[in-house]
Amino acid sequence: MEVDSQEQLQRKQSTYLSLDENFEIQKEVYRGQQYSQIYFARLHMMRTLLYSLVPNWKSHLPVCTVLELKEGKECIIFGTLYKHMKLKPCILDEYSKERSVAPLIKPHNFMHQDDYLVLEDESGRVKLGGTKLSTSVYVTGVVVALHGKETSAGAFFVEDVLEAGLPPQIKRPLKSREDKYVVFVSGLSIGRSSSNPLQFQLLVDHITGHLGDEEEQGLAAEIVHLVIVGNSVEISRGLLNGQNLASKDQSRLCEPFKELDILLTQIAASLPLDIMPGSSDPANFALPQQPLNRCLFPGSTTYNTFRSCTNPHCFELDSIRFLGTSGQNIDDLTKYSEAKDKLDFLERTLRWRHLAPTAPNTLGCYPFTDRDPFLIDSCPDVYFVGNQEKYETCLLKGLEGQLVRLICIPRFCETGVAVVLNMRNLECHALTFGTQISS
Amino acid sequence: MATTSKNMNVFYRQKKKSTTSTGKKSTKSPSPKHAATFGSDITQPPGLVSHGGSLDLKDDFDEQEQVLRQFDMNMAYGPCVGITRLDRWERAQRMGLNPPKEIESLLKGGKVKLESLFDGRV
């Protein structure tokens with residue numbers, strides 16, 4: 001049997017363009033500003049956009065600010081929504097005189113039927129009434145246009161809502177492409193006692209072509225990129241309780257990184273790789289999270305195929321635009337609103353043209369003064385979120401012909417599932433690695 | 001100084017522990033010049049006579065500062081707290097809000113306060 005007679009398989013390549021500049025905060029200087037600045041930037045950008053969409057929606061109605069509202073006059077108002085939630089944890093609860101029985105188990109979702117929405121612009125705020133605006137769908141921080149009129153009670157009765165809708169998408173020729181695959185994996189959680197190193201090693205071996213026969217290797221050669229979407233390490237809580245660490249504990253602290261670095265070096269030697277920080281990674285807490293420090297990966301950074309990226313992460317491969325986060329934005333939406341599945345939340349953020357509307361209200365965020373980096377200007381072709389419970393995907397079609405592949409990437413540590421996307425037709429499938437040896 | 005004190009008498013009735021005379025005093029109390037108390041045994045709030053003897057009735061409030069304060073208070077350009085006036089002007093310019101050019105020349109000309117009126121007070 002001849003083994004080395006055939007020529008070596010070449011891995012396919014694709015052009016990469018990083019669009020993370022918007023999410024970097026190295027140039028920002030903190031001068032004691034508050035979050036009002038980022039809300040102003042958001043309102044201004046979105047209002048300009050919505051104003052241009054109003055003629056197509058309801059051109060006959062006048063536009064006015066919240067303070068100019070007159071009772072009974074039908075008009076359109078723009079503003080940021082604020083959802084007043086009874087169960088939302090508030091730091092002032094600690095100081096309240098009435099010691100109401102606080103629930104011992106924190107609810108995963110803070111919704112309550114008494115929640116109400118308020119619309120706010122620079123001039124003032126007005127409580128919203130009517131059933132058109134569902135309090136279970138909207139969250140604080142979304143900018144919308146509302147058509148309605150002021151009631152005698154001083155509230156604004158909403159008759160119709162205008163959201164920004166999907167942003168315009170740059171048309172990319174998808175035909176006459178060859179099969180090239182991108183692999184997404186998230187939630188490796190190396191360092192967790194239940195994580196199985198064999199599973200990730202199997203994934204690495206498959207991608208680098210060390211598994212399987214020629215056909216399998218041929219398939220692996222078509223993988224052009226790997227994206228690790230957050231939560232790659234997990235440091236045990238016992239080590240982070242604020243006490244001085246003994247040298248034995250210090251080495252325990254570094255072990256997950258060493259393990260991760262060894263695995264990433266194997267991958268980086270073989271194909272381009274992006275690693276994003278997540279909520280359990282050693283990066284800053286507030287969004288946008290900055291790239292993980294290169295010193296954590298002494299082995300992998302020697303390769304130029306290794307890229308440490310921000311969270312959220314935006315990039316282009318062969319002019320197909322990818323945009324995604326490690327999950328904090330969707331997890332926050334889950335706490336403050338409801339939907340039938342996570343893909344619904346993804347779709348909503350696209351329709352609101354904002355990656356993380358609840359930032360900075362309930363999601364940590366850097367206080368930008370002149371811009372809101374989470375606004376989505378151009379519709380991505382692939383929109384992903386990591387660290388979710390299960391793998392879900394769908395193809396979203398917009399009114400102007402936009403086509404977006406929405407992907408929820410499950411936690412690899414718990415499910416053993418990675419996601420593979422074909423760049424030719426934006427089709428997606430799951431890659432499952434099991435290590436149970438069935439008897 | 002003596003003439004000044006006479007003017008002070010005319011302006012303000014001398015009362016012990018009076019608060020009316022401090023009505024227009026600058027909230028940023030500048031260090032009182034010793035000259036202010038020469039030859040005067042009347043209690044004077046130092047702020048009023050700190051500017052080389054002239055009456056500091058306008059509370060470091062000249063026309064330019066008035067114009068800049070109106071710029072600070074204008075909600076169309078966003079909140080003014082935590083951002084310098086020039087940064088706020090430039091931001092408004094970048095966003096296409098067309099802030100008046102005189103503000104820019106005033107701020108770049110110097111001799112005006114670069115921070116908004118709430119700086120240090122909030």
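In this predicted model, about 1,100 Å² of area is buried between chain A and chain B, and carbon and sulfur atoms supply 60% of that area. On the chain A side, the residues that lose the most area to chain B are A:Gln37, A:Phe40 and A:His44, which together account for 43% of what that side buries. The contact itself brings twelve residues of chain A together with 13 residues of chain B.

The polar side of this interface can be described in some detail. Two salt bridges are counted between chain A and chain B. A salt bridge joins B:Arg94 to A:Asp370, with 3.1 Å between the closest N and O atoms. Six residue pairs are found in polar contact across the interface of chain A and chain B, with both residues of each pair at pLDDT 80 or more. Sorted by class, the side of chain A that touches chain B holds six polar residues, three nonpolar residues and three charged residues.

Attention now turns to the contact within chain A. Chain A is divided into domain 1, made up of 2–28 + 169–236 + 247–432, and domain 2, which covers 36–162. Taken over C-alpha atoms, the centres of domain 1 of chain A and domain 2 of chain A lie 34 Å apart. To their contact, domain 1 of chain A gives 25 residues and domain 2 of chain A gives 23 residues.

The area buried between domain 1 of chain A and domain 2 of chain A comes to about 2,000 Å², with 63% of it from carbon and sulfur atoms. In domain 1 of chain A, the most area is lost to domain 2 of chain A by A:Tyr336, A:Trp352 and A:Asn361, and together these residues make up 31% of what that side buries.

For charged pairs, the count between domain 1 of chain A and domain 2 of chain A is one salt bridge. The side chains of A:Arg42 and A:Asp372 meet in a salt bridge, at 2.7 Å from N to O. Twelve residue pairs, both members at pLDDT 80 or more, are in polar contact between domain 1 of chain A and domain 2 of chain A. Helix 5 of chain A (residues 328–336) provides four residues, the largest share of the side of domain 1 of chain A that touches domain 2 of chain A. By class, that side of domain 1 of chain A comprises eleven nonpolar residues, seven polar residues and seven charged residues.

Conventions:
Residues are numbered from 1 along each chain as its sequence is written. Chains are lettered from A and ligands numbered from 1 in the order in which they are written. This is a predicted model: local features need pLDDT of at least 70, side-chain atom pairs count only at pLDDT 80 or more; totals for chains, interfaces and linings use all residues. Side-chain values use heavy atoms; hydrogens and water are left out. Domain bounds come from an automatic or database domain assignment. Contact means heavy atoms within 4.5 Å. Buried area is the accessible area (1.4 Å probe) that two parts lose on being put together, summed over both. A salt bridge is a side-chain nitrogen of Lys or Arg within 4 Å of a carboxyl oxygen of Asp or Glu. A polar contact is a pair of N or O atoms within 3.5 Å; within protein, one must be able to donate a hydrogen and the other to accept it, and residues adjacent in sequence count only if both atoms are side-chain atoms. Helices (H or I, at least four residues) and strands (E, at least two) are DSSP runs, numbered from the N terminus. Ala, Val, Leu, Ile, Met, Phe, Trp, Tyr, Cys and Pro count as nonpolar, Asp, Glu, Lys and Arg as charged, and the others, Gly among them, as polar.
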